[in-house]
Structure formats: C-alpha cells, structure tokens
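Hi,

Here is the structure I promised to pass on. Have a look, and my notes follow below.

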Amino acid sequence: MYQEIILDHYRRPHHKGLRDPYDVEVHHVNPTCGDEVTLRVRVADGVVEDVSYDGQGCSISQASTSVMTDLVIGKQVDEALRTSEAFLELMQSRGQLEPDEDVLEDGIAFAGVSRYPARVKCALLGWMAWKDATAQAVASSSGGAAT
Amino acid sequence: MTAVLPRDTRGSVSTYDVEAVRADFPILSRQVGGRPLVYLDNASSSHKPRQVLDAERDFVEQHYSNVHRGVHTLSQEATDRYEAARSTVAAFLGARDAHELVFTKNATEAYNLVAYSFGNAAAGSRFAIGPGDEVCVTEMEHHSNLVPWQMLCERTGATLRWIPLTDDGRLDLTDLDALVNERTKVLAFVHVSNILGTKNPVDVLVARAREVGALTLLDGAQSAPHEVVDVQALGVDFFVLTGHKMLAPSGIGVLWGRKELLDAMPPFLGGGSMIEVVTMSGSTYAAAPERFEAGTPVISQAVALAAACDYLQAVGLDRIAAHEAQLTARVLDGIRGLDGVRVIGPDTIEMRGAAVSFAIDGVHPHDVGQSLDELGIAVRVGHHCAAPVCRRYGVPATTRASSYLYNSEAEIDALLDGVVTVQRFWGTA
C-alpha cells in the first residue's frame with residue numbers, strides 16, 4: 001500500500017500552503033479520524049489556475065492531495081473533473097481496476113489503497129474538497145455572468 | 001440455569017493461566033496477514049468466549065420467544081431467562097434490587113435515557129431542568145456521555161459546564177466547588193477514560209455532588225469489564241455499562257439507577273411493555289424497569305450478557321484486574337524506553353485502566369495502525385469518540401492499545417516490537 005510515490009508526496013508535498021488570489025475556500029474534514037484540509041481554488045477562463053491547501057492527516061490523505069494538485073492545476077475545469085472521476089473510479093475499484101497512467105500519472109500509486117475501504121476516504125479527502133470548491137467557483141462565476 | 005464455567009484458571013494472580021483463558025476464545029487462534037492475531041483493541045470491543053456464545057445459542061435454540069407477553073411455555077421460559085439475566089447483571093454490579101437494572105441497546109441509549117428523562121420532566125419534579133440550572137461533565141467524556149447532555153442543555157436552556165484536564169491526563173479538580181454548585185442538577189462523568197486510560201476519583205466527585213444535591217451518573221463502559229464494580233459502594237445514582245466491551249454481544253447495554261429515582265423518572269421511549277393502562281385519551285406507565293424498556297427488548301443478548309458476567313466472575317475480576325495491570329505496566333515501561341514515542345494520558349499504573357494512547361513522532365496514527373495491522377496487530381487509531389481530548393493535547397488522533405483478560409505479555413512485546421518496526425519504516429527511528 002505504501003508505494004514510494006506516496007511516501008515521496010507525503011514527505012515533500014506539492015503546492016502546499018494557502019495562497020492568494022483565490023475564488024473559493026473550503027474546509028473538509030473526515031469526522032471518523034480527524035483528518036482535515038483547507039483548500040482554495042482559483043478558476044479563470046474555465047481553467048483551474050491554482051489550487052492551494054493546508055491540512056493535517058495521514059500519509060494517504062496528504063499525498064493524495066499533493067498528487068491531485070499536480071493533476072488539476074493548469075487544466076480546463078472539464079478535463080480536471082474527468083481526471084477526478086477517473087481517480088474516484090479507481091478508488092472504488094477494490095483493487096480490480098488497472099489505472100491509466102496517462103490520465104492519473106502519480107495517482108496510479110493509489111491503486112493499492114482501493115483494497116482498504118477504511119483508507120479510501122483518506123485518499124479522497126483532498127479530491128472531494130477540490131471538487132466542492134471548484135463547483136462553487138464555477139457556479140459563482142456563471143451566476144455573475146448572468147447578471 | 002447452570003453457568004458454564006471457564007477452564008480452571010483460579011489460583012493466585014501469579015499463576016493466572018492466560019493460555020487457558022485464551023483457549024475459550026475461538027477468534028484468538030486466527031491469523032491476520034499470515035501472522036497470529038494480536039488483538040489490542042479491547043476498549044473498542046471485546047471478543048466472546050465459547051461459554052457466552054453457547055449460552056446465547058442454547059437460549060435461541062431451546063427457549064426463545066418474546067418476553068412478558070404470552071402464556072405459552074416458551075414465552076414463560078424466555079421471560080424467566082430474561083429476568084434471571086437481569087438478576088445476574090444486577091448482582092454483578094452489587095445492586096440492591098434487580099428492578100434497578102434497565103436493559104438498553106447500548107451505553108449510548110442509557111445516557112440518552114437519563115438525559116431525556118430530565119428533559120421530559122414536569123415542572124417542579126426533581127428532574128425538571130431549565131435556564132439557570134447546570135449540567136456538569138468532564139473534558140474526557142466519550143461523545144456518548146457528552147453530546148446527549150449538550151442536546152439536553154440546548155433543548156432546555158440549561159448550562160453545560162465541564163471539569164478540565166491537567167497536562168498529565170487527570171481531572172483538574174482545582175475549581176470543582178465552582179463547577180459543581182447549587183445550580184448543578186446532574187454530574188455525569190467517566191469512571192475510566194476510553195482514550196486516556198485515566199481512572200477518576202469517584203469518591204471526591206460524588207462527595208461534592210452530594211453536598212450540593214446534584215445527581216451523579218457514572219460511565220462504567222471501561223470499568224465494569226475490568227474490575228469489581230459495586231454501585232452502592234461507589235455511591236453514584238446511575239451507572240452505565242455496555243455488553244460488547246465485556247465479552248457479550250453488541251446490542252445490549254445497561255442502565256442501573258437507584259430505585260427511588262427510576263420510579264420518579266418520566267419515560268424516555270413510549271410503546272408496548274412500558275405501559276400500565278392505555279386509552280385513546282392517554283396512558284399511564286409501568287413501574288421501573290419496564291417503564292424504560294419500550295417494545296420488544298434485546299432478549300438473547302441479555303441472556304448472553306449474564307453469561308459474560310458469570311464468565312468474568314468465574315475467572316475472577318480481581319485477578320483479571322491484576323493481570324491487566326501487569327500488561328499495562330509492560331506497555332508503559334516499554335514506551336518509556338522508546339525515543340520518539342510518548343503516552344497521552346497517565347504514564348504510570350496508578351489510578352489507570354488498560355487503555356494506553358500514544359503518539360509516535362512523525363507518523364500519523366492512521367499510518368501507525370495500518371503498519372501494525374500488516375504485522376497482525378489490531379489497535380485503534382483516531383479520536384476514539386473523544387475529540388475534545390485530542391484537541392486538549394494538541395494531537396489530531398492517537399494510537400491506542402488496550403488489553404484485556406486474554407492478552408499475554410508476549411503480545412505486549414509484539415506491540416512494542418511493532419512500534420519500532422513502524423518507526424524504521426517511516427524513517428523516524
């Protein structure tokens with residue numbers, strides 16, 4: 001389960017630390033274990049311009065959030081959401097899915113985690129926070145355009 | 001009903017035969033990940049000996065029916081065994097009268113039962129509570145003995161107060177006289193903390209509560225499984241335990257309360273069995289304990305709980321407590337010898353139970369738990385339903401090892417070796 005890629009991201013997380021500017025900030029917690037993440041998203045012209053975060057938690061939750069930022073920053077929102085769906089599908093596969101490295105890059109290291117249902121929610125904490133924040137950012141910008 | 005006694009393990013503490021005890025627990029012979037299971041998550045839930053499993057099976061196969069409802073033979077046999085179970089558990093707790101014992105589905109329901117009885121009480125009753133009244137708990141409560149009181153205070157406008165903690169995991173009683181005062185209606189506190197392992201000075205707290213006329217409720221979920229409990233000697237007004245932490249199945253808990261209090265308390269859940277006369281315009285209620293056992297109760301689980309009480313008494317609770325104290329001392333001594341590992345809670349054996357929470361520098365408890373599981377060692381990681389305690393000591397969660405009557409010194413050594421293995425894997429030792 002503890003792949004070297006996961007340990008690397010855990011020890012040297014990418015894009016960590018809260019930054020400005022941002023459109024939306026969310027705070028997600030895993031009530032069963034106390035892991036938490038505060039995450040900010042900046043969306044401009046349909047592109048995920050920046051994702052920054054701070055939080056505390058186990059190696060799986062912290063590494064997964066780090067990998068997520070690599071995968072979504074700079075992407076079109078639609079494409080980033082598809083990546084997020086691919087990661088979700090992998091995590092729900094109970095070890096039965098061969099992940100696509102072209103889509104998930106370092107995220108494939110989490111394939112083994114999907115065999116441990118108790119840890120899947122750790123791996124999804126940062127992703128769910130990002131998805132929530134991005135949905136809010138997109139909704140508020142389209143709402144703004146309508147007025 | 002004949003109690004099926006465990007193999008003969010009686011004798012002096014020094015000859016406590018842990019292997020004979022272990023032989024009664026089928027699950028202890030299984031492997032996890034190709035290694036022998038080392039089960040140190042007993043503060044969360046315990047395993048069941050054959051004697052308890054057999055008692056429940058025998059009851060369901062030979063005597064089962066609903067209770068308090070029929071005239072047929074099985075109904076009577078089931079009722080007799082259910083009520084015999086009540087008497088057994090009452091005796092186990094040193095209660096004066098079996099009618100002081102209410103079966104609930106778990107400890108959580110028992111706390112809620114008392115809290116809702118306060119909320120439901122008519123004005124002027126001893127249990128009536130409202131603005132200006134206070135409820136006092138401690139900062140080390142399990143959520144189950146905290147949240148129901150928070151909810152009661154929200155519903156009624158009463159004020160919740162709590163006794164804070166010292167840095168070494170004890171209750172800070174400096175301001176006890178201010179925290180428990182003439183406005184306090186109830187002081188609800190834990191006997192032995194599930195996260196810190198701290199054993200609280202019941203006598204001091206009960207004495208203060210009596211001075212001001214407050215009722216006391218003691219959470220015995222982590223004490224009743226491990227030591228002799230005598231509710232009368234403790235001097236409390238209510239005592240709560242849960243079956244699954246003391247060799248019985250899940251689904252059965254107990255509220256013990258002084259008879260005069262139970263008789264004066266309004267009911268919590270309404271329904272069948274808890275009534276006296278029912279008309280369309282209103283109902284009167286049965287006496288305790290039936291008043292608090294609405295609906296079909298947890299029947300076979302109650303029978304199994306009684307068998308668990310018999311089992312614990314046959315092994316001997318004093319001997320179990322002494323055995324666990326040896327194991328706990330071994331855990332504490334072992335951790336003291338490890339760099340980068342610290343106990344969260346009392347780090348000596350005085351006034352403490354068998355649950356030991358610890359932190360390994362640089363490794364999150366989730367990762368500790370997962371890494372230990374790969375070695376076949378089951379511990380609990382997380383906030384242990386006591387999130388305010390984690391906040392108090394500045395940790396997101398802890399790793400907790402909790403032993404019981406069937407754990408051996410070799411298993412404690414496996415845990416300590418496992419901690420070192422975890423440190424090496426995560427590069428922190």
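Starting with B:E109: leaving aside neighbours within four places in sequence, B:E109 is in contact with B:T104 and B:G253 (contact means C-beta atoms, placed from the backbone, within 7 Å). B:E109 counts as buried because there are 20 C-beta neighbours inside 10 Å; the cut-offs are 20 or more other C-beta atoms within 10 Å for buried, 12 or fewer for exposed, and partly exposed in between. B:E109 sits in helix α4 of chain B, residues 107-120 (helices are DSSP runs of H or I, at least four residues, and strands are runs of E, at least two, numbered from the N terminus).

A word on provenance: this is a predicted model, where local features need pLDDT of at least 70 and side-chain atom pairs pLDDT 80 or more, while totals for chains, interfaces and linings use all residues. Residues are numbered from 1 along each chain as its sequence is written, with chains lettered from A and ligands numbered from 1 in the order in which they are written.

Over in chain A, there's an open sheet of three strands, ordered β1-β2-β3 with antiparallel pairing (to pair, two strands need at least two DSSP bridges between them). β1 (24-30) and β3 (47-56) of chain A each have a single partner strand, so one side of each lacks a neighbour in the sheet. β1(A) and β2 (residues 35-44) of chain A pair over seven bridges, and A:H28 stands opposite A:V37 in β2(A).

Finally, the two chains meet: eleven residues of chain A are in contact with ten of chain B.

Cheers
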